Amino acid sequence: MDLPLAHLDRPFDYLVPAELDGPAQPGVRVKVRFAGQLVDGWLLKRVEESDHPRLAYLEKVVSPVPVLAPEVARLARAVADRYAGSLADVLRLAVPPRHARAEKDVTATASADSADPDAAATGPTAADSAGALATDSAGRPPAHGPTEAVGSPTSAPVDPRGWRDYPAGPAFLRALTDGRAPRAVWSALPGEDWAARYADAVAATVAGGRGAVVVVADARDLDRLDVALTVVLGPGRHVCLSAALGPARRYRAFLAARRGDVPVVVGTRAAMFAPVDRLGLVAIWDDGDDLHAEPRAPYPHAREVLLTRAKLGEAAALVGGYARTAEAQLLVETRWAREVVADRATVRARVPAIAPTGDDPQLARDPGAASARLPSLAWTTARDTLRADLPVLVQVPRRGYLPSVACAGCRTPARCPHCAGPLALPSADGAPACRWCGRVVAAYACPECGGRRLRAAVTGARRTAEELGRAFPGVPVRTSGREEVLGSVSGGAGLVIATPGAEPVADGGYGAVLLLDSWALLTRADLRAGEEALRRWLAAAALARPGAAGGRVVVVADGALAPVQALLRWDAAWFAERELAERRELGFPPAVRMASVTGPADAVADLLAGARLPDGADVLGPVPADEGRERMLVRVPRARAAALAEALHAAAGQRSARKAADPVRLQVDPLSLF
């Protein structure tokens, strides 16, 4: 039943009336009576008898289309158990909301195809592959017809040339084609067309008669992968799943995947549960991006969901990126996966020339480099590149104009007098406004010194574009943020100011990449600050030309810092190994399993008091959270991870059974611990 209460997280038995015997098949949506109310539910399976003597009847089959595949139901249960959540919450993430008109169109198409043998013989059309596909009267795929050949082995071999820069790459493709289940952690070279390499892996899987699921972080990456797959597989062989598609298009694409009319599903995290027949490969690109973490209960991470699918379904797995997370490094060190990397000679040939501004030689030439926002090395690099008629990419961590300001006299951060939120300036002549409540504070006065003048504490992308426009008059300046991403940069010199994740691709690569405001990334109070800084830097630096072709990268940071050293050597594996070793020593994920319990102090104490935590569990805290709540952390060895999740879920069930008033949020291995 679709009841996210922890104490009701189990299946219930109902009788099937004779008139619903046909449509009441496993996987369909139903309505049942529970506690006197009509509630939504899922029919998980049909059995001959029940241990319960008195059962109610199913009230209604909402739709005869069995949208919940058995393997997805099994996956959802495993994910719920892993994250101390309920099956109902996971199924909300796994199956998109029903769109009646789209479903009706699908059924109508099915009826037309079954009535026209010639249409069935011709196979699916391009429109069909977009999701308007057939189901029979019970919502099942037809026993023969166009879906019979979907995902079947093909004779066309996959060209391994794109993977030859990685010694283990061609073997990985061969294993996929042969129907085996290799597991790889791939470190992409700078300038690599990662979408084309993923398309090669998917094509090899399809050539072996199996299907694939690929998850990317955002719509821009999805568009690149969509184009690459269309080139390699041809049109109509895959569907895209994303919440941005809208209800109707998303549901049509989901039905196409559920029926097996396409062998490949790609998408954002909405696709991590996508049903695919004969699943042979699960893949994720840039698993360190925080967009892969689901913000709704039970807060699963797309990487962990896909790895669980690979384990349950004995499928291959591919975790790739320019950077490498500590979680991916753990897969390599435990030999669950094999790393796919290039040799150092190939790396040196492909990497741009990278230089920091904070090392001793640069400080000797420019004593102000340690504090300047645009040191002389960065400025001269941009100038020389623009003179060579090549584009320059400037990455800044923050969007907006001045997203944080402070008193010009005493440097006290400017806060909203109404809610204490941070004040920001939207433009050079705009009035300061609160980033939390939106109130304009035109008559701001510093509570410490009474000063009314403000200075920049953090500089955003639009202010950076304004400053660089004055520094390089006559040069075109464009900005790109995740809310408005430039498609590509082509032809001639120009400055592109971009926030991380929104850097457009330049034809032939950028002549120079400037990485500004490194302190904003490295000084965050976050366990993953160094890892995230390196991930963002590598993604931007990968867009530069090779050093032999004049490509240069300047990072405004001290060259002695570990993330900067990893960038200079283009060695994400070294940094990930170091990061994982430090977390093992300190007892942080992924070396251990950690759960966050957040809520009002009394509610958190109540839940932990009722939880039978496994032996060896460390309870850390409390620490302040948001909105007057507090957070406690529970840490256990990885071997006791299942016991911890079970204990917390049982304690949550006790509280929901007695209708405790204050909610408590449970998160297992949250991205943010502080």
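Which residue stands opposite Val266 in strand 7? In the predicted model described here, local features require pLDDT of at least 70 and side-chain atom pairs count only at pLDDT 80 or more, while totals for chains, interfaces and linings use all residues. Residues are numbered from 1 along each chain as its sequence is written, and side-chain values use heavy atoms, with hydrogens and water left out.

The residue opposite Val266 is Cys240. Helices (H or I, at least four residues) and strands (E, at least two) are DSSP runs, numbered from the N terminus. Two strands are taken to pair if DSSP finds at least two bridges between them. Strand 6 (residues 238–241) runs parallel to strand 7 and is joined to it by 4 bridges. Strand 5 (residues 211–215) also pairs with strand 7 in the parallel sense, over 4 bridges, and Val213 has Val265 as its bridge partner there. Strand 7 (residues 264–267) is covered on both faces, with Val264 and Val266 buried on one side and Val265 and Gly267 buried on the other. Buried denotes under 20% relative accessible area, exposed over 50%, and partly exposed the range in between (1.4 Å probe, protein chains only). Together with helix 9 (residues 247–259), strands 6 and 7 make a right-handed β-α-β unit; a crossover is right-handed if, with the strands pointing away from the viewer, the path from the first strand over the helix to the second runs clockwise.

Thr268 is placed in the loop between strand 7 and strand 8. Its relative accessible area is 12%, so Thr268 is buried. Leaving aside residues up to four places away in sequence, Thr268 touches Val215, Val216, Ala217, Asp218, Ala219, Leu222, Leu241, Ser242 and Ala243, where contact means heavy atoms within 4.5 Å. Of these, Ala219 is found in helix 8 (residues 219–233) and counts as partly exposed because its relative accessibility is 47%. Ala219 and Ser242 are 23 residues apart in sequence, with a C-alpha to C-alpha distance of 8.0 Å.

Antiparallel pairing occurs in an open sheet of 3 strands, in the order 2-1-3. Its edge strands, strand 2 (37–42) and strand 3 (60–61), each pair on one side only. Strand 1 (residues 29–34) pairs with strand 2 over 6 bridges in the antiparallel sense, and Phe34 has Gln37 as its partner in strand 2. The loop between strand 1 and strand 2 contains Ala35, which has a positive phi of about 55° although it is not a glycine. Ala35 counts as exposed because its relative accessibility is 73%.

Aromatic rings were paired by a distance rule: rings of Phe, Tyr and Trp (its six-membered ring) pair if their centres lie within 6.5 Å, with planes under 30 degrees apart counted as stacked, over 60 as edge-to-face and the rest as tilted. The count comes to 13 aromatic pairs. Trp285 and Tyr322 form an edge-to-face pair, at 5.3 Å centre to centre and 85° between the planes. This pair links distant parts of the chain, 37 residues apart, with Trp285 in strand 8 (residues 279–285) and Tyr322 in the loop between strand 9 (316–321) and helix 11 (326–333). Both Trp285 and Tyr322 are buried. A stacked pair is formed by Trp379 and Phe472, at 5.7 Å centre to centre and 20° between the planes. Trp379, at 31% relative accessibility, counts as partly exposed, whereas Phe472, at 7%, counts as buried. One aromatic cluster is made up of Trp163, Tyr166, Phe172, Trp186, Trp194, Tyr198, Trp285 and Tyr322.

Helix 1 (residues 70–82) has 13 residues and reaches 19 Å from its first C-alpha to its last, close to the 18 Å expected at 1.5 Å a residue; the expected span is 1.5 Å times one less than the number of residues. Its buried residues are Val72, Ala73, Leu75, Ala76, Val79, Ala80 and Arg82. Elements covering them include helix 2 (87–94), helix 10 (302–313) and helix 21 (641–657). Ala84, which follows helix 1, has a positive phi near 55°.

Two cis peptide bonds may be noted: Pro589 to Pro590, with omega about 5°, and Gly621 to Pro622, with omega near 10°.
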